Amino acid sequence: WYLPYFIPAAYAAMLFALAASVRAWRDPFNPLCLVLAVGFVRFFLPGILLSSGVEPAGEVWRFFHLMKLSDEDWAWGHALSLVGVLGIVLGWLVTQPMPSTRVPLKFQVAGGVRYASCAGMLVGLLALLAFVLMNASVGVIASGDFRETTIQEGTGKYFFLTYLLIAGSVLISSDLLTRGRKWLSLLPVSVATMLYWVLGGRGRAMFSLAVGVLMLWYFTAEKRSWRKLSVRPISILVAPLLAVILVWLSYVGSMYRGGLGSRAFIEGLSLSGLWHYVQGSIFTDLGQLHSLAGAIAIGPGVLNGHTFYGSLSWPLNAFLPIPGRSAGVFIIETLVGFGKGERWGVNASLIGDAYLNFGLTAVALVMLLVGASLKILYVKFRNGSLHIAIYAIALFSALQICFLSVDKWPHALVTLAFTYFLILIGNTLFQEPRVSSSR
């Protein structure tokens, strides 16, 4: 009975937190704003549309019918998403205020880090080529069929080495920014994005580019001395344009890995095709409310923490008998079932992971911890204690874990470890000799 009161109150609280954070930090891309923006696309927009009577058509409707989700499952799934995101908001608000004095952000890297990052990108490229060729052939680059390939045992180490591409490209972009090459700074992260496109994972592919764009924003804001934000005509045009570009990239990526391959970039110019994709993806691709509705239909605490134990214990779970279970795969296995040789899942999100593993109380506590951690990370960055590359990679890794699954923890850990490693190597082995002055 209280859902009709809780849902509007939750949205009002989030809007208030959004406005307060933008006003306080003069930063529309702070972690709280990004969480609320992604949460809107992933959960809130599908929830609002479905509660307003809008029903998906075609294959999307048939898929939801297979999941056997009731109206009550959708309503409580919507409420569960609000509880999770409100937990992040509360964790953000109660943690560490902003510093009283403004200090310069940390962009600069030592000259040796520049060379180490180039070497890292090269090793990452070679690892990517090795991973593709050991599991498929060069033809998958044009066909886009790599996701259909069975990964051979023992090749996973090459996949993890490919994360050097992300670490190296981000550090090179940071170095280019400090040398005043603003738009050129997007080149290395764009190269990493295009190379990762071959593997078919759109989130992983666009990770580097998203980090590069965020660093460019902070570099520009720093140069402008964090002047007060104002709504200008250019802002009104740029914001929707960025949203369209992101949706278009997702659209092209879905066609590329869906069988069209390189032809996807030509087919992606079709406006009718893009609109058709948007109509369906609001519910099942960009939107992921069905994963939380599925979690509600299954019930709380059924996985007994195995999703978290398996992911957070990496890499120890490769040597020790630590149980692990993907919540997204479990949702599909339980509600839909698999055909012979099939195994796939939805993006359960950290909210769904916590609910299926521990219950509703854990959702609030886990997301509260996430919000507090994001605030601490952001404050350290804004007071100059944390390098922009480390901050941006950590932030987007946290967003992936929040809105995809805790299964992404190993990937976040490896990417951050490689970034620190390249900085360490650059400051030691690649350190430029100091020129001593003679009298």
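Reader: Over which residues does pLDDT stay under 50, and how many contacts beyond four places in sequence does the model have for them?

Author: The stretch is residues 435–439, and the model has zero contacts beyond four places in sequence for these residues. Here pLDDT is the predictor's confidence in each residue, from 0 to 100, and a contact means heavy atoms within 4.5 Å. Over the protein chain, the mean pLDDT is 88, and 94% of the residues reach 70 or more.

This is a predicted model, in which local features need pLDDT of at least 70 and side-chain atom pairs count only at pLDDT 80 or more, while totals for chains, interfaces and linings use all residues. Residues are numbered from 1 along each chain as its sequence is written, and side-chain values use heavy atoms, with hydrogens and water left out.

The second largest pocket has a volume of about 520 Å³. A pocket is an open set of points, on a 1 Å grid over the protein atoms alone, where a 1.4 Å probe fits, with protein on both sides within 12 Å along at least five of seven lines; lining residues have an atom within 4 Å of a point. The volume is the space filled by probe spheres set on the points, which are joined across faces, edges and corners. Twenty residues line this pocket, and Val-370, Ser-373, Ala-398, Ile-401 and Trp-409 are the closest to its centre. Two or more lining residues come from each of helix 15 (306–312), helix 18 (360–382), helix 19 (388–403) and helix 20 (409–428); helices are DSSP runs (H or I, at least four residues), numbered from the N terminus. Helix 18 supplies the largest share, seven residues. By class, 18 lining residues are nonpolar, two are polar and none is charged; Ala, Val, Leu, Ile, Met, Phe, Trp, Tyr, Cys and Pro count as nonpolar, Asp, Glu, Lys and Arg as charged, and the others, Gly among them, as polar.

Helix 17 (residues 349–357) is mostly covered, with nine of its nine residues buried, that is, under 20% relative accessible area, whereas exposed means over 50% and partly exposed lies in between (1.4 Å probe, protein chains only). Among the buried residues are Asp-353 and Tyr-355. Gly-359, with a positive phi near 115°, follows helix 17.

Two residues other than glycine also have a positive phi. Lys-68, at about 55°, is found in the loop between helix 3 and helix 4 (71–93) and is exposed, with a relative accessible area of 59%. Asn-304, likewise at about 55°, lies in the loop between helix 14 (289–298) and helix 15; Asn-304 is exposed, at 51% relative accessible area.

The loop between helix 15 and helix 16 (327–335) holds Pro-315, and the peptide bond from Trp-314 to Pro-315 is cis, with omega near 5°. Trp-314 forms one aromatic cluster with Phe-131, Phe-146, Phe-159, Phe-160, Tyr-163 and Tyr-196. Rings of Phe, Tyr and Trp (its six-membered ring) pair if their centres lie within 6.5 Å, with planes under 30 degrees apart counted as stacked, over 60 as edge-to-face and the rest as tilted. Tyr-163 and Tyr-196 form a tilted pair, 6.2 Å centre to centre with 50° between the planes. Tyr-163 lies in helix 8 (residues 163–178) and Tyr-196 in helix 9 (residues 186–197), so this pair ties together parts 33 residues apart in sequence. Both tyrosines, Tyr-163 and Tyr-196, are buried.
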